[in-house]
Amino acid sequence: MKGVTLIVLLLSIINASAQFTISGIVKEQTTKSPLVGASISINGTDKGVTTDEKGVFLFSSSYKKLKIEISYVGYETKRIELELERDTFLTIFLENEALEEIVITDNRPIIDKIGHSEMTIERINLTPTILGEIDPLKSLVFQSGISGGAEGTSAIHVRGGNADQNLMLLDGTRVYNQGHLLGILSVFNPSTVQRVNIIKGGFPANYGGRLSSVIEIQTKSGEKEENELSIGTISSRFFFQKKINQKLSIMAAARLSNLAIYTLPLQFSTESRDERTGYWMYDTNFRLNYKITSNDFLTFSIYHGRDYFFQSEMDDSGVSGIYYDYESSQLSWGNNVANLKYTHLKGAHSFSAQLAYSSYGLNWRQEELGFDNATFSNFSERKIRNESLLQDVSLTVKHEYQTKKWQHIIGGEGILHNFKPSDASLEKLGESFPLPFETKTYQTLETAFFYQTTYNPTERLRIEGGLRFSINQGIDKTFFNIEPRVSVAYKTSKNSALKINYSKMIQPMHLLSTSASGFPTDVWIPISEQFESQIAHQIDGGFQIKIPKGISERPLNIGFEVFYKKMNNLVNYTNSLPLLLSVSQRWDLLLANNGQGQAYGAEFSISKEKGKLKTWLAYTLQWSYRQFDELNNGNWFAHLYDRRHDLSLTSSYNLSKKWDISTNFVFATGLPYTSNNTTIMDLDGFPIVFATEKHGERLPNYHRLDIVFNYKKTGKRGRVVQWSFGIYNTYAQRNIFSLDKSIELLDIDEEEIAFIYDFRGLSFLRAIPFVTYTIKL
Amino acid sequence: MKSINIFLLFMLLMTSCDLYSPLPIESNDENPKLVVNALLDGHATNKLRVHISQSQPLVSDTNKILLANLYLDDAVVLFFENDELIDTLIHSGEGYYQLTNEIIPTVNYTYRLEVFHDDFENVKTEAVLFPEEANVTTSIRTAVAHSNKDIIRFSIDDEAAVSNFYEMEAESKVDSVMENAYISFGGIIPDVACGLGVLIFPDYCFDGESFTNEFEITNTDVTKVIFTLHTVSESYYKSYQNQQGTTLDAFQQVFAEPSTYYSNVENGYGIFYARNTVQIEL
């Protein structure tokens, strides 16, 4: 550690001569609220910085004369010439363009676009998903290299990785379950989201703990005055942010599933007393920003979300209020996230410390009541309870320093995990029944120290290098890993760049998933000698080119990337699938370990982000395979979400000042599945059907077209009202959501057995219209 | 009224999901293989049951299995004990083969079957008569309050440092006739790993310790219950696990990982396993 610190100091001294620090804050002209993610490019070059969550930027320069350009989506670009004699602090106001059309422009330097994607809320708003719901996470599948899971779910797979291999950060804190409503919605309320950053390759060393991607969801800063009420088909939400005074601003939001309203008649009608079903979902966000001094900031944010499903059935005994064979089930699950972050800015230095808490739990209860004819009363026949829980407490400390040619990030993080994969109990007739295992809570510690540096030897060349030293204490063994990260980028012209990256990633936890991620049967487990940390080596690279206005009518952004990823120590259920929520502490007996994976492919994207017609096209060609000694006779097989071709085309067209239309077209190769293809007789002469190869078949290709019309009107008091009407899966394509099979025995005698084996795909969500009403107060 | 309309609209939308498309079964290009299913039973009168057949591709429409075509009556079946040939089995009808000599299987001996047929690749499979009889320490039959059910609760002393696999069975005597009793588990959590709520379970969770398990049977007119506890080979347990997986995958899980077939027959399909048995009358 000392060595690294010395290197940083040495580099600082070398580069400290004739340096000026330019820092400042970018604000909106009208509301004076800070603009997060505004781009500041220097001397018309590709070198630049973006403002942080306080709207603050800083960089160093040895030039005395400097031109900077400040731009932000939907705001007029401002150019400033500076003559520097000392460190300078700027307050820059950007004026909102009187928009007749939505401007969605990715203003990041061209080098930063390779391996990294960004989705602003304006872009996310163009891609409504099921039933018109805007979803920050599900919109990511419109990016190249990112595939969705099963139809309708919020699971995503980046570059052939598993769903658990994405580091999901909500304002810097890990979130472990991203699905509401069995995955139909993600847990991120779109009203609160400012932007989503995705890193698919060339991972900086300050990120770790997952193999395939980093997905940062950045919520709104709370410094712009805004109130919003939205009523959709699936959920309704309320959001507001307000600047209380010069130092304090807050943001709060709540969202509730409308399913609860739809099922109210079922819950309370007297006719349906004997059978009740209900599903509630809600989540809340709160964020507070406090400016201690002009250089010191404090942020505190909380997220709480819960899904609650219940079902009860009863047979009336015939006597009022007395039931026979009453059975009720309750299932609930959700996340809690909280973090407190302190940021200090001084000159070219930035220091931050974050204390965070994150938990994900699921809880299942079932009770059966019997009826005693002798005493004429109900009695508790049996009660079953099972819980699974993961809790984290983490501390992250980071120091950033920038000179003319160098940028350094150094820091560390420690995460204390408490895993309780299963805590089950059983009561029969009021007495506890002994289970053959004890509930255990496993405590593991994930520690990492990181150093990341960026060196710009020339205007065109950028070299990034990083080292992450991670110490992961598992159940019965501690693992030491060094994770090197290297990235070289070269700007071939003003509008084009090449980049190549290598990353080694470590993931010190596993997700046991029996289905699409987001479903409440998913359980996180710790690492141990038997189930070691997942490891990935990834090489990726590509080029970006911007065809400026003049050559084409409007600027075009074109990107091409290739990647190869090798994964080790993967874990999968063996053939013995556990029943729903019956995962015991002996989950270790149900798993195949030391699995391997490899994924490789190419990505292509093209976008036109200005003009009346805006278009984004993303295409991924990909192969993703897995191998476990215990599965498929040890042979490699296609990953469950391996899609050879994955194409999406999103377009938006401004019809008038008030109307616009957007469309999404998606095409993807059908998912692999295992199909029974052989029959044999068992020892007693009964037929058995089975598959000879895992994931040997493919479902039909997936494709659909969504169309959305938006009508926006500004009222007399400045209230903006928006109606969205659309159809999901407009041409009613039968995309398969799940599989079903059955055997119907036709005839059995001494000479012949005849049966029909029926294997079917269930289609889900065909040509569904939707309407959403939003008012900004 | 409005909310009812919205609800009806929503239900209409959701029910429109219920659409099935048949998925064709891709033809299995694999040549048919020999299927050997065999049980070496240390407790039964017929110590070795062997059934030889061939596999058949599954098709999308009606599958007709002509048993006469499937059963193989002309295979050569050799039976080895610790690599020593001890018998050549003879066909006894409908694909079943039987010993020509009486044998007494020995615990911890390895038994092997080798099967030869002109039309198929030769196959072999082996099993160890590994498990001793289960050491059942208590077995109680008690009536469940408020119901017409009996609980059969039993405890076993498991041998330490040895992997044992157990299988439960029960028969009940109703009107002087013995018949298989329907076993239910009265709400015990089904747990593949640790044996609760399943008929076949390993000793992973109680290796070397005493273990209590129970199940329920209907007691209407039952005069006698015969409770049977087998100790079985690991291959049989794996085969059972596998079949559990194949039955579960399609029903509860969206795109769950289905099972592929488990077999301990080299170059073929089927299971050869051994077992020992304890029977208790309650």
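Reader: In chain A, what share of contacts between residues at least 6 apart in sequence join residues at least 24 apart?

Author: The share is 64%. Contact here means heavy atoms within 4.5 Å. This is a predicted model in which local features need pLDDT of at least 70 and side-chain atom pairs count only at pLDDT 80 or more, while totals for chains, interfaces and linings use all residues. Residues are numbered from 1 along each chain as its sequence is written, chains are lettered from A and ligands numbered from 1 in the order written, and side-chain values use heavy atoms, leaving out hydrogens and water.

Reader: How many helices and strands does chain A have?

Author: Chain A has four helices and 48 strands.

Reader: Why is A:Ser648 called buried?

Author: Its relative accessibility is 3%. Buried means under 20% relative accessible area, exposed means over 50%, and partly exposed lies in between, with a 1.4 Å probe and protein chains only. A:Ser648 therefore counts as buried. In chain A, 60% of the 777 residues are buried.

Reader: What surrounds A:Ser648, and which residues does A:Ser648 touch?

Author: A:Ser648 sits in strand 38, residues 645-654 of chain A. Residues up to four places away in sequence are not counted; those it touches include A:Val141, A:Phe142, A:Trp616 and A:Phe665.

Reader: What makes the pair A:Phe142 and A:Ser648 a polar contact?

Author: The backbone oxygen of A:Phe142 is 3.4 Å from a polar atom of the A:Ser648 side chain. A polar contact is a pair of N or O atoms within 3.5 Å; within protein, one must be able to donate a hydrogen and the other to accept it, and residues adjacent in sequence count only if both atoms are side-chain atoms. The distance of 3.4 Å meets that limit.

Reader: Why is A:Arg159 called buried?

Author: Its relative accessible area is 0%, so A:Arg159 is buried. A:Arg159 lies in the loop between strand 10 (156-158) and strand 11 (166-170) of chain A. It also has a positive phi of about 50°, although it is not a glycine.

Reader: Is A:Ala732 buried or partly exposed, and why?

Author: A:Ala732 has 24% relative accessibility, so it counts as partly exposed. It is in the loop between strand 45 (720-728) and strand 46 (736-748) of chain A. Its phi is positive too, near 55°, and A:Ala732 is a residue other than glycine.

Reader: Why is A:Phe737 called buried?

Author: Its relative accessible area is 12%, so A:Phe737 is buried. A:Phe737 belongs to strand 46 of chain A. Its C-alpha atom is separated by 5.3 Å from that of A:Ser763, 26 residues apart along the chain.

Reader: Which residues make the nonpolar surface patch of about 740 Å²?

Author: Among them are A:Phe300, A:Leu395 and A:Leu445. Patch residues have over 30% relative accessible area and no salt bridge; like charges are joined within 9 Å, and nonpolar side chains (Val, Leu, Ile, Met, Phe, Trp, Tyr) within 5 Å. A salt bridge puts a side-chain nitrogen of Lys or Arg within 4 Å of a carboxyl oxygen of Asp or Glu. A:Leu445, in strand 27 (residues 442-455) of chain A, has a relative accessible area of 33% and so is partly exposed.

Reader: Which strand of chain A gives the most to the nonpolar patch?

Author: Strand 24 does, with three residues.

Technical notes. Helices (H or I, at least four residues) and strands (E, at least two) are DSSP runs, numbered from the N terminus. Accessible areas come from the Shrake-Rupley method with a 1.4 Å probe; for residues, only the protein chains shown count as cover.
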